[in-house]
Amino acid sequence: MNAQELRDKTPDQLRDTLVQLKKEAFNLRFQQATGQVENTARMRQVRRDVARVKTILNEKAAAAAAEA
């Protein structure tokens, strides 16, 4: 998931994406605790995607505040 794809989404879609990513991160943490995680690199990828989504949401919020 790249930043340009995220910038094209609406804030509501971004929030939905954020919820999905957080659920996936939770599931990966649970799998790691039980020793069942298959792709350990996915944990890092999900963490970075969460940060990317939050950054885009903050950018959109700042842009909306600047317009008002």
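In which helix does Asp49 lie? In this predicted model, Asp49 belongs to helix H3, which covers residues 41-67. Is Asp49 buried or exposed? Its relative accessibility is 6%, and because the limit for a buried residue is under 20%, Asp49 counts as buried.

The side chain of Asp49 makes a polar contact with the side chain of Arg52, at a distance of 2.7 Å. When the neighbours within four places in sequence are left aside, the residues in contact with Asp49 are Met1, Leu21 and Arg42.

The structure holds one aromatic pair. It is formed by Phe26 and Phe30, whose ring centres are 6.4 Å apart and whose planes meet at 35 degrees, so the pair is classed as tilted. The reasoning rests on the angle, because planes under 30 degrees apart would count as stacked and planes over 60 degrees apart as edge-to-face. Both residues lie in helix H2, which spans residues 11-34, and they are four residues apart, about one turn of the helix.

Which accessibility classes do Phe26 and Phe30 fall into? Phe26, at 46% relative accessibility, counts as partly exposed, whereas Phe30, at 53%, counts as exposed. The two classes follow from the cut-off, because a residue counts as exposed over 50% and as partly exposed between that value and 20%.

## The chain as a whole

The chain contains three helices and zero strands, and its pattern, read along the sequence, is α-α-α. The radius of gyration is 14 Å, well over the 11 Å that the globule rule gives for 68 residues, so the chain is more spread out than a compact globule. Taken along the principal axes, the box filled by the C-alpha atoms is roughly 50 × 15 × 15 Å.

How much of the chain counts as buried? Of its 68 residues, 22% fall into that class, and Asp49 is one that counts as buried. The chain exposes about 5100 Å², of which carbon and sulfur atoms supply 49%. Among the contacts between residues at least 6 apart in sequence, 70% join residues that are at least 24 apart.

Definitions and conventions:
Residues numbered from 1 in each chain as written. Predicted model: local features only at pLDDT ≥ 70, side-chain atom pairs only at ≥ 80, totals over all residues. Heavy atoms only, no water. Phe/Tyr/Trp six-rings, centres within 6.5 Å; stacked < 30°, edge-to-face > 60°. Helix = DSSP H or I, 4+ residues; strand = E, 2+ residues; numbered from the N terminus. Buried < 20%, exposed > 50% of the residue type's maximum accessible area, 1.4 Å probe, protein only. Polar contact = N/O pair within 3.5 Å; in protein donor to acceptor, adjacent residues only side chain to side chain. Contact = heavy atoms within 4.5 Å. Rg over C-alpha atoms; globule rule 2.2 N^0.38 Å. Areas by Shrake-Rupley, 256 points an atom, 1.4 Å probe, with all protein chains shown as cover.
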